[in-house]
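Hi everyone, thanks for coming. I'd like to walk you through a structure today, so let me put it up on the screen.

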Amino acid sequence: MATKGASTGTKRKSAPAAKSKDDGKSKKVRLDKTKTPKPVVEESDASDDLSDAEEGGAMLDEDEEPRKKAKGPGGKVFERAETSRETHLKQKQLALERKAAKPLADEVHRTKKIWERLRIKSQVPKEERQKLVDELFGIITGRMKDFVLKHDAVRAVQTALKYSTPEKRKQIAKELQGAYAQLAESRYAKFLIGKLMVQDDEEIRDIIIPEFYGKVRKLINHPEASWILDDIYRTVATKEQKALLLREWYGPEFSLKELTKDVAATADVAEIVKKEPSKRGTIMKSLLDMINTLVQKKMTGFTMLHDAMLQYFLNNEPGSEEFNEFIEMIKGDENGDLLKNMAFTRSGAKLVCLLLAYGSAKDRKQVLKTYKDTFLLMSGDAYAHLVILTAYDVIDDTKLTSKSIFPELIGEKEEELTQNVVAAANNPNARMTFLYLFEGLSKTLFPPSHSYSIEVLEKVREVREKTSKKDEETRRQELIAAVSPHLLSAIAAAPTELSATTFGCQFIGDVLLSGTGDKSKALEALAESAGGETGSATEETEVGAQVHISQTAHGARMLKSLIQGGKFDKASGKVVAVDPPLGFSNILYPIIKEHIMEWATGPGSFVVVSLIEASDFKDVKQLKQTLEKNKKELEKAATQETAAQKAAREAQKQDDAPKKAGKKDKKKTEKPVGNAGSKILLEKL
């Protein structure tokens, strides 16, 4: 008798079953995979031939073992399902068979074993390592391209590079010739290009970079190739190679191989347009399209992009529609990542500085807001610190500048303040974010190596004349008044740490001479740090031990300028005293007078000279009397060779020895021997 299924409502026929002794009916149990099994009582029917597989279940007799097979419609036989473990083993076996059937399967397997052994250098003896490297080269040589395009085999080639000689490295580079553009697009092989280039081998560089010519527009938009292309452009490419790569942004015609052969090619749009004015429209449109594409893709960290943006900006007329639209595009970046990335590259930083200079008050405020929580990092960067200096120069709202920048550079807590100021004072870039307010574009702050910074800031000042309203000196003094109390507090807290270095001494001198506010605590702390025995320049000091300030040239020079109370003016030929006067001579002398003869006969002798010459020094008579009593010591110091002079003479002998071999000695004017400061003190007595 046919019955309806318990769960689906469809008719099903059960297989014949033996009748029970009680009522001739057989109890069947249906196992449903999706529901809790429950017994279903049905009548047996010889005509039922449909399997319970229609409902995903299997019929089990109470007294019988589960049937392994059951017949379905049309007599189809259903096998018992495999367990997950059996399925997994079959899949694993199939995967191994497929892998073994691939080309170079055995070789790749062996290189993996070698890589596993070599990857931890300290665990492999030198002899064994050399044998493994030789074996590795034997496997990959001649088949390098096949290996580097496999994600699990490229590691072996990188290992071979790691332990290779310069000759082997060039062999690998030459064997891969013709495939570098393809490798750059590979998620794994691109790192191999980086490892080849990192050795700074000119021959390898000139093999790889020309393969990117004609493909820059494609590669710079590729998610993998763009990064390796920009790294090569930024770090190893020569000036000519950079120009050839950047020119391809100017349009398809600049990608032609015929043009890339011209090593004198320039990437300066102004020069190109000067020779061929008709190309300006095409170049500018192509540049803007490429720039906009990368900005929309959020790929804004590329040095090449920032170079292209600067070229576009410089070749648009300020105030024109294209100029304003370009500025709006930069400001329109939602997360501000574009402006942040630009600040840390040479061209990008210059572009941000010009944007600040040409921008309105609202534009400048928006730029400062973008860099929130980034100023401390920017201050120590070779280019990003220029953005901070430009903000000082062009933003008329000095309260906005002070509240936006100084709290991040200095820190809010007292501990942070001292630590941050000491670190900044000794950083060649971060120190400028403070001292620029006191020294401007002086040569002592901007040596010849910083000519690019001077060029950018001079251009900013030129533009500022048209876009800023506040007087330059007024703006500078307002910023100095805002930052000086914090810097004076740091000097008072850490005079010894700051005076230990040349940069630190310059920092102390500038802040105390040009800063504003109460300087008494800072001057007293500095004087206290100069107390005690001075030691001797000939004495050996422990590693990391603090050398007394009197024994260093930079320390003595700083103390001398503070005693003089001003900076030397070349135009007038004299020291211009600050107002109000520091009076440092009267603070320092009581602390060092017990050891004044050590100062007078040592490297700090000019500090004593400046005390005698200081117009506001009250104890000059007492000092002269002390010197008079110890005149013999002064005479000895004035005539005896100092430790520094002896060391310099010995070093000069060693340098001159190879040059003078086989040659007659030339007569030289002998340098005076003795302590120059002690000689001057004798004259004054």
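Let's begin at Lys 285, which is exposed because its relative accessibility is 55%. Its partner is Asp 289: the two form a salt bridge, and the closest N and O atoms are 3.1 Å apart. Asp 289 has 37% relative accessibility, so this residue counts as partly exposed. Where do Asp 289 and Lys 285 sit relative to each other in helix α15? They are four residues apart in that helix, residues 280-296, which means about one helical turn separates them. Before I go on, please keep in mind that this is a predicted model.

Is Arg 475 buried or exposed? With a relative accessible area of 1%, Arg 475 is buried.

Next, Glu 472 forms a salt bridge with Arg 464, and here the closest N and O atoms are 3.4 Å apart. Glu 472 is partly exposed, at 38% relative accessible area, whereas Arg 464 counts as buried, at 5%. There is also a network: salt bridges that share partners join Lys 170, Lys 174, Asp 201 and Glu 203.

Let's turn to a negative surface patch, formed by Glu 412, Glu 414, Glu 415 and Glu 416. Glu 416 is found in helix α24, residues 414-425, and counts as partly exposed at 35% relative accessibility.

Ala 525 and Ile 491 are 34 residues apart in sequence, yet 7.8 Å apart in space, C-alpha to C-alpha.

Last stop, the strands. Strand β8 (residues 566-569) pairs with strand β9 (residues 574-577) in the antiparallel sense, over four bridges. Gly 566 has Ala 577 in β9 as its bridge partner, and Asp 569 stands opposite Lys 574. The two strands form a hairpin with four residues between them, and Gly 573 in the turn has a positive phi of about 75 degrees.

Note on methods. Residues numbered from 1 in each chain as written. Predicted model: local features only at pLDDT ≥ 70, side-chain atom pairs only at ≥ 80, totals over all residues. Heavy atoms only, no water. Patch = residues over 30% accessible without salt bridge, like charges linked within 9 Å, V, L, I, M, F, W, Y side chains within 5 Å. Areas by Shrake-Rupley, 256 points an atom, 1.4 Å probe, with all protein chains shown as cover. Salt bridge = Lys/Arg side-chain N within 4 Å of Asp/Glu carboxyl O. Lys, Arg positive; Asp, Glu negative; His and termini not counted. Charge placed at Lys NZ, Arg CZ, Asp CG, Glu CD. Buried < 20%, exposed > 50% of the residue type's maximum accessible area, 1.4 Å probe, protein only. Pairing = 2+ DSSP bridges.
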